[in-house]
Structures are given as structure tokens and as C-alpha cells.
Amino acid sequence: MEFDAIIIGAGFGGLYALRHLRDEMGLSVQGFDGASDVGGTWWYNRYPGARVDAPSSPFYAYTFSRDLIDEWDWKETQSAQADVLAYLEHVADRFDLRKDIQFDTFVNDARFDEVTQRWSIETDHGDRHSARFLICAVGALFVAHMPDYPGIADFAGDVHHTGRWPHEPVSFAGKRVGVIGTGSSGIQSIPEIAKQADHVTVFQRTPQYSLPARNRPVTDDERAAYREDWDTLNTSMRRRGGWPFKLSRLSHTEHSPEERQARYEEMWQRGGMHLSLNSFVGVLAKEDLNEEVSEFVRSKIRETVHDPETARKLLPDYHFGTKRLILDNGYFETYNRDNVSLVDLREDPIESFTSSGVRTATGEHPIDMLVLATGFDAVSGSMLKLNPKGRGGQSLQQKWGEGFDTSLGMMVAGYPNMFMIHGPGSPGVFFTMPLGAELQTQWIDSCIRHLDDRGLATIEATADAESEWSAEVNAIANRTLYPRTNSWYMGANVPGKPRQFLGHLRGSEYFDRLSEVADSGFDNFVFEAPTATS
Ligand code: N01
């Protein structure tokens, strides 16, 4: 069938794009998703303990509809996966989105036809469709990263990756569970698994900074207050790159060591991201300040974990906050349980798997179930899996062989009329979603109107614009400590992946850039008139 736009993905980004392009712009739109229902990452990541890893309510939500703000009651300050998924199901019902999404359908191929100036796609059911615009809302954290330890395929027990968690309940009762990975997914799930399992063995490669989430119910008064102040909060979210909170302007050099420690303690007690964002200016950029905050968190770990040897293994030694910060609900306390043990893979690496356990340098760890909390081929992975073919049949895997060049994190030279939501070089997964997805979609709206007003067929990024954008993204990242750490932000978690900072760290500047580019008439982009056959 032929459409104006095809949208791949039915998570936060894809659902909003569908609603906007169909209902606000009057386009014919078809969505596709490999999952069986809406939700995207929230449909897949249903491991025990899964929550938004930020103080979320009510800001990890759409802003476009005042009715949605008024009618949806967020339950907790840090929303659980089931609540976020229920919210997205409600959005799908309220705006009647499901009727234009084909679920259980992966798009296997997408290619641009230079003659018709249209995108053709083929699904895993063998159906073919075409559209003038291709919107890739394929998720920044979708392609699961699987470790390839020798013998892992021979392990006879159940194996679950947190990002592909089964929909039927998983029971840990009476089981010895091995967990590999201590990022957000591991740190959120380990305390929950430990409550049920006979024994949990955590295989840790890098100890992590994790801050207390201090999750609690949202009160009726808080709900009333944010609804009353919504217009102001909404403006602040736009100005501050996604979250409405004012940040501390305090300089650490103007405070004594004792005052600084008191401030860290206050932020720790407030929980959430406060220690990072709100203690003093520049925690993620100034080495001396960062080291002091790092040491503060290490002191909290030593204080919390009773066994000194386990505490030692849990002490992170990289710059605080330069891997994605984690908010936990009792992670370090979990190591005080008798049924939890920690293997430090830097001292005692995994050598192989057997059918019944994990063999490390010092011995065998018998397990009945393996949980892989080993993360994702983040940001670029889902686009590379889709692997669209642009001008001259060039595949994205060829184009991105040495780096993930984009313009604005949304368009790629050689791929006309193809847009990415939260692509490499955009701030999506860092802080700005879902607002970032809304603003990116509104930018796509401006592109389409620009084309239609002028009788043009396509818009396309240029290689020069990509180079400029990469330089801008890297310059911002290089003013911080982030690039010094091996993290998925840097593509360092996947062997062989090009090292490159994958996101734009200044959400509000990014939002301004989107507006400036649209207002400039899409300076730096190139256009094509319709061909005779388009
Ligand atoms: O993945 P990660 P994640 N052998 O890449 C380890 C978002 N998220 O799924 O640090 C042994 O952070 C790896 O070790 P190292 C959030 O943005 C959101 O936890 O690379 N270990 C690390 O400990 C988050 O940042 C929510 O040395 C191996 C872990 O596995 C992002 O998703 C919830 C290994 C992977 O940590 C990714 O989080 C959860 C190997 N071969 C996540 N390979 C919500 O908001 C990897 N590791 C709901």
C-alpha cells in the first residue's frame, strides 16, 4: 500500500509521530512494530524492578495534550515499568492509534527509490509498502548486547536478557541465579531477584555509582500543584532541555570542605539525580569536584555494605556520572543479605560456561538461571539493524562503518526524507525524552510543510552539515569528563563499535537549534524537485 509516511516503532517517539502526522497534519500514516502492542522499550524491558531511571513523574510523559496531563494520575515519583506501559496504552486508546499500527511485524528492508522519490519497505510477513517519508522511531536502547563467553550456549538453565524479558512471570524461587551486568538494568533487578531466589551471584565487570532513588507515592497535593503550574513547568522543560528543575548555581570553590560535604549529604538524602545536578556547578566537568563527589559516594557504599571485602569490590573508580547514573531502591543494601554474593570479574574473570554454571579463574559458580543485564548496542544499533538503503543503494551499515554521522541527530546524507527520532547526535536518551521526541516530530512537520509549500519532493542532509554537527556534538562532550570513561554513551560497551560520543549533551541548546534551522528555511539541507515519475 502507499502512504504519506511510514513510522517504524510504537514507543514514545513513534506513537507521538503517528498522532501528530495523522491527526495534526492530515497525512496517511502507517506504523509498524515488531512487538505485539504499543510501548517500545517499555514493552520489552519488563524485568523485575524496572523503573524510569530518573525522577520521572509527571515529566517523563507527553506534553502535547493538556487533557492527558489532567486525566493521568502518576502513582510514584519514579514510575514503574507497568505504569509507564499503562500510560502508553491509555494514550493509544485515547487517540485511537492502534488502528494504524501493524504489530508483530518487523520491517526487514527499507530502500529509497531515486526515481519515484519514495521509500519502499518490506516486512517479515513479506508485505511491501511505500511512503514519501520514513520515520525511524526504532528505539535508542533496543538491540540487546549479548556476551559471547565460551560455552554460554551450552548453559542448560533458563537465560533471560533484561531487555527481552518474558511476558509470562519468571519465578526465581528455589533457584541459584547468576546475574551478569551492573548497569541500570542489573542494579534495578538484583534487589528484586534476591528477595525470591535461593542465591544470587552477581558477576560485576565495573563497579557503579548508584544513587538512592527515594521513590515514594505522588501525593494528591503534588498532583494538584503540578496541574495548576503546568504551563510554567512546560515552559521550563522546554528551556531546560527536558526537565523543569532549576539547577544549583553554587560554585564549589566558594565553599569550605565541610560545607561541601554537608551539601553532598543533603543532596544524597533528597535522592534522585540531585547529587549530580544540584550540588555544585560542574560535577561532570571539573575533575577535582568530580573526584570529591566520587569519594562521597564511595564513602556511602563503605558505610552501607557490611562486609569490607564486598564493599571494596563495589567501589567505582571512574569519574562519577560519566556512565549513565543509576537510581536504585536498596541496591548496595542487597549485598548484606546472606543469599547474595559478588564476583569481581576484573580480579576473577569468566573463563567459560558449563551446562550448570560459570567457571571463573578461581573456580566454578553453580547456577540454575542466568540473567543477562548486559545492555544494548545503544543509539546506533537499532538503525543499523534496520539498515536502510539510501541513494545508490548504499546501506546504512556501509555509510556508518566508521562513525555515526548525522545532521541534528535526525537526518543522514544520502537518505532523503528519512528521519530518526533519538538518532546518534541527538539528546534523546540523555535527558530530553519524551519532550525531545515531540520537538523532533514538530521539526519533521516543519520540513514537510516547507517541501509542500514550495512544491519540492525531498529534503536531505549534506555531508558538510554532518561534519559540522559531529564537531559540535564532540566539542560539547569534550568540555566534560564523559569521553574519558568506557560507557555505552561512547559506544565502548560493544566490541568493535566505533568510539564516538553518541548524544548531544545540551538539550535546551539542541531544542533551540531545531527551531533555528527550521526558521532559517533549513539552511544546510538540500532539496530536490519532483521527478517526472514521482
Ligand atoms: O546496560 P548498561 P543497562 N561481561 O550498558 C556489563 C537505560 N535503562 O541495560 O560497565 C561482563 O548500562 C557492563 O559492564 P561495563 C539507561 O539509560 C533505562 O543496565 O561495560 N559484563 C555493565 O555493567 C541505561 O543506562 C531504564 O564494564 C558485561 C552492564 O553489563 C541503559 O538503558 C532501565 C559484559 C550493562 O550496563 C542501559 O542500561 C534500565 C560482559 N561481556 C536501563 N558486557 C529505565 O528507565 C556488558 N557487561 C526503565
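Student: Which helix gives the largest share of the shell around the ligand?

Tutor: Helix α5 (residues 184-196) does, with three residues. Helices here are DSSP runs of H or I with at least four residues, and strands are E runs of at least two, numbered from the N terminus. Keep in mind that this is a predicted model: local features need pLDDT of at least 70, side-chain atom pairs count only at pLDDT 80 or more, and totals for chains, interfaces and linings use all residues. Residues are numbered from 1 along each chain as its sequence is written, and side-chain values use heavy atoms, with hydrogens and water left out.

Student: How many residues surround the ligand, and which are the closest?

Tutor: A residue is near a molecule if one of its heavy atoms lies within 4 Å of it. Here 26 residues surround the ligand, and the closest are Arg51, Tyr149, Ser185, Thr206 and Lys323.

Student: What kinds of residues make up the shell around the ligand?

Tutor: Ala, Val, Leu, Ile, Met, Phe, Trp, Tyr, Cys and Pro count as nonpolar, Asp, Glu, Lys and Arg as charged, and the others, Gly among them, as polar. The shell divides into eleven nonpolar, ten polar and five charged residues.

Student: Which ligand atom lies 2.5 Å from a polar side-chain atom of tyrosine 149?

Tutor: A nitrogen atom of the ligand does. Arginine 205 has a polar side-chain atom 2.8 Å from a ligand oxygen, and an N or O atom in the side chain of tryptophan 488 is 2.9 Å from an oxygen atom of the ligand. Taken alone the ligand exposes 910 Å², and the protein buries 91% of that; such areas come from the Shrake-Rupley method with a 1.4 Å probe.

Student: How many salt bridges are there?

Tutor: A salt bridge is a side-chain nitrogen of Lys or Arg within 4 Å of a carboxyl oxygen of Asp or Glu. By this rule the count is 43. One of them joins glutamate 460 to arginine 391, with the closest N and O atoms 2.8 Å apart. Glutamate 460 lies in strand β18 (residues 458-461) and arginine 391 in the loop between α13 (381-386) and α14 (396-399), so the pair ties together parts that are 69 residues apart in sequence.

Student: Is glutamate 460 buried or exposed?

Tutor: Buried means under 20% relative accessible area, exposed over 50%, and partly exposed in between (1.4 Å probe, protein chains only). Glutamate 460 counts as buried because its relative accessibility is 10%, while arginine 391, at 22%, counts as partly exposed.

Notes:
Polar contact = N/O pair within 3.5 Å; in protein donor to acceptor, adjacent residues only side chain to side chain.
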